[in-house]
Amino acid sequence: MVQLTRRAVVASAIGVTGMAALGVATATSPWARTPVAPAAAPAIVKLARSRFAPHLGLAFTARAGDSRHALVLDRIDDLPGAGSGGEEQRFNLIFAETDEALTDGIYEVSRDGAEPATLFLSVIGAEGERRLQGLVDQSV
């Protein structure tokens, strides 16, 4: 008859924990004979100034959940401290809002003929001159 002692239980737990840690460190299961493939990373879509420039003055739709809001791309500004200006990866999208119902938040901004973009839009400007900005800085 095998007698379980506290020392034997603790030693077994340490051994199992060590095997699990080894499996995580090597991205394989210590009990499986084939490697465990890591989850595929989602594709990162770069936002570029040239992607939005052809759509200046045109209507966009901002969606968040079930809500939809009409916007117009009013201008594309350089970011403060930008080098030569017109940087492709550092810019500020300024949208005029037609329904004045948007609040700060993450929206999918799209229009026919343009690939949708997910942006954090924030409200700027005084009442009556209210705009939404989508700041893009991919220099980091």
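Guide: Two strands count as paired if DSSP finds at least two bridges between them. Strands are DSSP runs of E with at least two residues, numbered from the N terminus. This is a predicted model, where local features need pLDDT of at least 70, side-chain atom pairs count only at pLDDT 80 or more, and totals for chains, interfaces and linings use all residues. Residues are numbered from 1 along each chain as its sequence is written, and side-chain values use heavy atoms, with hydrogens and water left out.

Visitor: What makes β4 and β5 a pair?

Guide: DSSP must find at least two bridges. β4 and β5 (residues 114-124) have 6, in the antiparallel sense. Y107 stands opposite L119 in β5. The two strands form a hairpin with 2 residues between them. In the turn, G113 has a positive phi of about 85 degrees.

Visitor: How do you know that β1 and β4 pair?

Guide: The same rule asks for at least two bridges. Strand β1 (residues 59-64) is joined to strand β4 (residues 105-111) by 3, running antiparallel. T61 has S110 in β4 as its bridge partner. R63 stands opposite E108 in β4.

Visitor: In which order do the strands of the closed barrel run?

Guide: The 6 strands run β1-β2-β3-β6-β5-β4, with antiparallel pairing. Neighbouring strands of this sheet are turned by 45 degrees against each other on average, direction ignored. Axes here are lines fitted to C-alpha atoms, and angles run from 0 to 180 degrees between N-to-C directions.

Visitor: Why is the contact between R75 and D77 called a salt bridge?

Guide: The definition asks for a side-chain nitrogen of Lys or Arg within 4 Å of a carboxyl oxygen of Asp or Glu. R75 and D77 meet at 3.0 Å, N to O, so the pair qualifies. R75 also forms a salt bridge with D74, the closest N and O atoms being 3.7 Å apart. D74, R75, D77 and R131 are linked in a network of salt bridges. By this rule the count comes to 7.

Visitor: What makes R75 partly exposed?

Guide: Buried means under 20% relative accessible area, exposed over 50%, and partly exposed in between (1.4 Å probe, protein chains only). R75 has 38%, so R75 is partly exposed. D74 at 35% counts as partly exposed, and so does D77 at 23%.

Visitor: Which parts of the chain does the salt bridge of E97 and R130 link?

Guide: The side chains of E97 and R130 meet at 2.7 Å, N to O. The pair links distant parts of the chain: E97 lies in strand β3 (residues 90-97), and R130 in the loop between β5 and β6 (131-137), 33 residues apart. Both E97 and R130 are buried.

Notes: Helices (H or I, at least four residues) and strands (E, at least two) are DSSP runs, numbered from the N terminus.
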